[in-house]
Each structure stands twice: as structure tokens, then as C-alpha cells.
Amino acid sequence: METVNFLSSHGDLRIDASFKDITTIKMGGKIKYLVSPFDLNRLRLITTYLKEERIPFKVFGRGSNMICGSGDYDGCIIRLEHLNHYHFDKDSVEVEAGMMVPRLANVLASQGLSGLEFASGIPGTIGGLVYMNAGAYKKCMMDVVESVTVLKDGELCTLSRDEVQFSYRSSIFHKHPDWVIVAAKIKLTKGSVNEIKELMADRLRRRKATQPLDKPSAGSCFKNPEGDFAWRLIDAAGFRGYEYHGIVVSNKHPNFITNEKDGKAEDFIATANLIQAKVKSEFNVDLKMEVEIFNC
Ligand SMILES: Cc1cc2nc3c(=O)[nH]c(=O)nc-3n(C[C@H](O)[C@H](O)[C@H](O)COP(=O)(O)OP(=O)(O)OC[C@H]3O[C@@H](n4cnc5c(N)ncnc54)[C@H](O)[C@@H]3O)c2cc1C
């Protein structure tokens, strides 16, 4: 009761919510505490409290890269929905981690500010995109991030782009799961509103034509191996259209594994493992997961 009172006085609290409600692939068990802190200071109070009480916690963005197990999670998921403010500073924008990237890209486009077009169709938050060094069309977050503000051990600090140690779909935050990204500074250049909007529309058309956006998924399941494409190897190994307990290897894009009939993370993982084993035996390539498995 004490924890419920504490969390609900510092954020919007839901008890026994489900990972199905907070992941784009819509799977997973129940969450003991799901909280959205009202502001940055409440976020600091909540993380300090959870550490003191030894209650496990994890920050989620839009859950668009997450595969969560069917078991219940006896901890706290923190979402930063209320941390979604931004302000312009000369040729950059400082934006809080809970801001949805497609929304930010639209705001920037309407002001003729270029830089984030490549990410405008990635359905995650600034925090999640920085964590993953997300990218598309040969660009990624490390190309545009100047600095990142982080909450670690109850204190705020700012990391330069180099200190974030970006690499392909990775960053320093993978090594520090208790650090919370609270904001990022993104550099921009002046451009034409029409050209920026047209580029974003073109990217979206390409996504719609090549990705199963009408089905629940977590985006690409595997990272592309050096010099090749995961989708090509999955296809060549014969998995296009493969189905297992409602988990489907997309016909449209074989690196997207969709949840079409209330599938479970355990079946998703079994499918991914089967693909990895066949791709290894046929092509001697180790496919590495891009999606993150949690609470399995
Ligand atoms: C249809 C579709 C298309 C996609 N296309 C792309 C694409 O083109 N390119 C690409 O790179 N990815 C793509 N993805 C994958 C996904 O959107 C990205 O990985 C994105 O960066 C995840 O953001 P999120 O906010 O949803 O993070 P989540 O999935 O919620 O979390 C991902 C990780 O980030 C951590 N995290 C999130 N926020 C914070 C924070 N504030 N502080 C610390 N850690 C945090 C979480 O703990 C977790 O470990 C796609 C996904 C879908 C469903």
C-alpha cells in the first residue's frame, strides 16, 4: 500500500496493467506497477524510491522494440509520457525523452527544420531512439544527437555525443540499465518546409509499401549482418510466410515477425531461434537480435 500511495502521488499509476497494452507487438504478462511520473523531479523521486525499496524497474518508451514474456512482472515499468516538452536553442532542439519521434518530426517539418526526416516513421520516443541509436535510410541518431541528459543515481548529468558511445543499434545505455535518458539535444539545419514534408511523405510511402505496418510487430527482429541483409538471409532460408502459434514471419518483409493471433513471446523466441539455427547452418552467419527480450 505504501508503494501504491507513493507512486500514485508522483505519477499516473496503473496496477496490474499488461505488457500487451504498452508494446507495439501486443504481447506479454501483467505489470505490477506501471507509472508515468508527472515531471522530471517526480521521475527522480520515483527512481530513488524504487532503488531504496529494491523494487526492480525499467523505463519503456512506446515498447516498439520490446518482446515481453507471458509471466507477470513483479516490478515497476516507468513511462515518460509527461516528459514531452521541447525548446529551440539556435540551430538545435532540446527535447524530453518521452516525446514521440514522428510527432517531433512533424513539428520540425512545419518550421522548415531539417535533420530528423529519416526517423519520422520510427514509432518510438526520443529516449528509445537514443538508446537504440535507431536509424533508417543510411542515417541514425548518432548523426544528429549533440548531447544527452541522463538521470543517474538521482543526479542529472549531460553526456556529449562521443560519451554516448553510439554504434550500430547500440549506445552506452545498454551497459547501464539503471540510467534514465531524460532529454536529448538534436542539431538541425534550415530547409524548405515543402522539401522536408515531401521527403517524409516519400519515406512513409516506402515503409507502407515494404513493411507490414497493419500487423502488430516490434520492427526488424534481427540486426543486419555486415555486408548483408537479415531479411534476405531469412528469405533464402525458406522462412518467408512461416507461421507458429500465431507468430508469423511476414510475407511482405521477412525480418518483421508479426503477432497475428494473440501470440506469445516464448513462441516468438522459438521462431527466432529456429531462423538463427538455419541461417547459421546454411550460410554460416550469426543473426543477432535487434528486438529486446524482457521478463522471459
Ligand atoms: C513498425 C515499426 C517500424 C520500425 N522501424 C524502425 C526503423 O526504421 N529503424 C529502427 O532503428 N528501429 C525501428 N523500429 C524499432 C523501434 O521503433 C526502435 O528500436 C525505437 O528506437 C524504440 O523506441 P521506443 O521508445 O519504443 O523504446 P522501447 O521499445 O520502449 O525501449 C527500447 C529500449 O530503450 C530503453 N529506453 C527507452 N526509453 C528510455 C529512456 N528514456 N531512458 C533509458 N532507456 C530507455 C528501454 O528500456 C529498452 O531497453 C521499428 C518498430 C516498429 C514497430
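Which element gives the most residues to the shell around the ligand? The structure is a predicted model, in which local features need pLDDT of at least 70, side-chain atom pairs count only at pLDDT 80 or more, and totals for chains, interfaces and linings use all residues. Residues are numbered from 1 along each chain as its sequence is written.

**View 1. The shell around the ligand.** Helix α5 gives the most to this shell, with 5 residues. Helices (H or I, at least four residues) and strands (E, at least two) are DSSP runs, numbered from the N terminus. Of the 32 residues around the ligand, those that come nearest are Gly61, Gly124, Gly127, Gly128 and Gly219; a residue is near if its C-beta atom, placed from the backbone, lies within 6 Å of the molecule. Two or more residues are given by each of β3 (57-60), α5 (126-132), β9 (135-136) and β13 (180-187). The shell comprises 17 nonpolar, 12 polar and 3 charged residues. Ala, Val, Leu, Ile, Met, Phe, Trp, Tyr, Cys and Pro count as nonpolar, Asp, Glu, Lys and Arg as charged, and the others, Gly among them, as polar.

**View 2. The domains of the chain.** The assignment gives domain 1 (2-79), domain 2 (86-210) and domain 3 (230-294), with bounds from an automatic or database domain assignment. Domain 1 and domain 2 each supply at least three residues to the shell around the ligand. The centres of domain 2 and domain 3, taken over C-alpha atoms, are separated by 28 Å.

**View 3. The packing of α1 and α3.** Helix α1 (residues 2-10) packs with helix α3 (residues 40-52) at an angle of about 165°, their axes 9 Å apart. Axes are lines fitted to C-alpha atoms, for helices over the stretch in contact, and angles run from 0 to 180 degrees between N-to-C directions. The angle makes α1 roughly antiparallel to α3, a term for angles over 145 degrees. Phe6, Leu7 and His10 of α1 make the contact with Arg42, Leu45, Ile46 and Tyr49 of α3; contact requires C-beta atoms, placed from the backbone, within 7 Å. These residues divide into 5 nonpolar, 1 polar and 1 charged.

**View 4. The packing of α4 and α6.** Helix α4 (residues 101-110) and helix α6 (residues 193-210) pack at about 150°, with axes 8 Å apart. The two helices are therefore roughly antiparallel to each other. Ala105, Ala109 and Ser110 in α4 meet Val193, Ile196, Lys197 and Met200 in α6.

Terms used. Angles under 35 degrees count as roughly parallel, over 145 as roughly antiparallel, 65 to 115 as roughly perpendicular and the rest as oblique. Two residues are in contact if their C-beta atoms, placed from the backbone, lie within 7 Å.
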